[in-house]
Amino acid sequence: MKIAILSGKGGTGKTTLSVNLFSSLEKATLIDTDVEEPNSHLFLKGTTYHEELIYKRYPVVNHDLCTLCGKCGEFCNFNAIIPAKKRVLVFDDLCHDCGGCKLVCPTNAISYTDKEIGNIYYQSIKKNKQFLYGKLTVGEISGVRIIEHLKNMTKKEEILLIDSPPGTSCSTVAAIEDTDYCIIAAEPTPFGLSDMRMVVELLRSQKLNFGVVVNKSNLGNTDIYHYLDEEGIELLETIEFREEFARIIARGDLLVNQSTYVKEKMFNIIKKVLGDSYA
Ligand code: SF4
Ligand code: SF4
């Protein structure tokens, strides 16, 4: 079963929820797909035993063969290849590596070259527990390829947790694609509700099952609960804010190791999403 944990914005406790759920399971794999700013590893403190470089391809034009027919530019949806007056310009940062421009080029003027865009790290946590995370190279604009690699490497795992990028970007879509269930981490504030609505729209457009965990439930207001009620969205759990939690998180420690309250909350969520046998 593939379960994504996502949020409308950063700072709503998405990673805290991911690592504490992961730590509450006997057997599971966690991937941190928030490749622009991965931080699950700061809590799990596993031993990195392997690192893999991730590349993307982008087109290179042989100007001797190019007739400036314009077909590559017409095909590209991302303005990554633009036939100008005297030569074809390639913007590799914008290229999504779809391969289309090479296919449509009538003179075989286009070939591809590789560019390093980031890394994937594997960490061993303990028996039956694996953790992988991706890191996008500074300056690169899309982590989708790294996310696809992470998901491909773990597609056969029995229980896969996916710490997704925040928001509703292409990276989030790549992270939640083909999941069986999504858990939205939200906060009971006006901004928290507004950001969560966008995530709800995204998940509904993708026809994915989901529920919500409200963090810092003793702060803010009750609008979020009315919204969940009206929309028929499952409230999986509420988790209070406590100062001691903030201190534990700031130290990079796991809440489940130090709070029976949070431990019970994690088991309740696991029971609701995965069933009694996993809690
Ligand atoms: S590979 Fe695809 S995205 Fe990249 S330049 Fe060619 S058509 Fe555009
Ligand atoms: S499709 Fe090929 S020949 Fe036409 S402009 Fe692009 S690179 Fe040049």
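This is a predicted model: local features need pLDDT of at least 70, side-chain atom pairs count only at pLDDT 80 or more; totals for chains, interfaces and linings use all residues.
1. How much space lies in the largest pocket? About 580 Å³.

2. Helix H1 gives the largest share, with 5 residues. By class, the lining of the largest pocket holds 11 nonpolar, 9 polar and 6 charged residues.

3. The second largest pocket has about 220 Å³ of space. Its lining is made by 13 residues, and Cys95, His96, Ser142, Val144 and Arg145 are the closest to its centre. Helix H5 (residues 144-153) contributes the most to this lining, namely 3 residues. The classes here are 5 nonpolar, 2 polar and 6 charged.

4. Now the charged pairs. Side chains of opposite charge can pair when their charged atoms come close. Across the whole structure, a search finds 15 salt bridges. Three of them are described in the next points.

5. Take Asp97 and Arg57. Their salt bridge has its closest N and O atoms 3.0 Å apart. Asp97 sits in the loop between strand E5 (88-90) and helix H4 (100-104), while Arg57 belongs to strand E3 (residues 47-61), so the pair ties together parts that are 40 residues apart in sequence.

6. Are the two partners buried or exposed? Asp97 is buried, because its relative accessible area is 9%, under the 20% limit. Arg57 has a relative accessible area of 34% and is partly exposed.

7. A second salt bridge joins the side chains of Glu140 and Lys115, at 2.7 Å from N to O. Glu140 is in the loop between strand E7 (129-136) and H5, and Lys115 is in strand E6 (residues 110-126), so this pair links parts that are 25 residues apart in sequence. Glu140 counts as buried, at 12% relative accessibility. Lys115 is partly exposed, with a relative accessible area of 22%.

8. Which residues are linked with Lys115 and Glu140 in a network of salt bridges? Asp92 and Asp93.

9. Arg251 and Asp253 form another salt bridge. The closest N and O atoms are 3.1 Å apart. Asp253 counts as partly exposed, at 23% relative accessibility.

10. Last, the surface. Phe78, Ile82, Leu89, Phe91, Leu94 and Ile141 make a nonpolar surface patch of about 470 Å². Where is Phe78 placed? In the loop between helix H3 (71-75) and strand E4 (81-83). Phe78 is partly exposed, with a relative accessible area of 34%. That value passes the patch cut-off, because patches are made of residues with over 30% relative accessible area.

Conventions:
Residues are numbered from 1 along each chain as its sequence is written. Chains are lettered from A and ligands numbered from 1 in the order in which they are written. Side-chain values use heavy atoms; hydrogens and water are left out. Patches are made of residues with over 30% relative accessible area and no salt bridge: like charges are joined within 9 Å, nonpolar side chains (Val, Leu, Ile, Met, Phe, Trp, Tyr) within 5 Å. Accessible areas come from the Shrake-Rupley method with a 1.4 Å probe; for residues, only the protein chains shown count as cover. A salt bridge is a side-chain nitrogen of Lys or Arg within 4 Å of a carboxyl oxygen of Asp or Glu. Helices (H or I, at least four residues) and strands (E, at least two) are DSSP runs, numbered from the N terminus. Buried means under 20% relative accessible area, exposed over 50%, partly exposed in between (1.4 Å probe, protein chains only). On a 1 Å grid over the protein atoms alone, a cavity is a set of points where a 1.4 Å probe fits but cannot get out, and a pocket is an open set with protein on both sides within 12 Å along at least five of seven lines; lining residues have an atom within 4 Å of a point. Grid points are joined across faces, edges and corners, and a volume is the space filled by probe spheres set on the points. Ala, Val, Leu, Ile, Met, Phe, Trp, Tyr, Cys and Pro count as nonpolar, Asp, Glu, Lys and Arg as charged, and the others, Gly among them, as polar.
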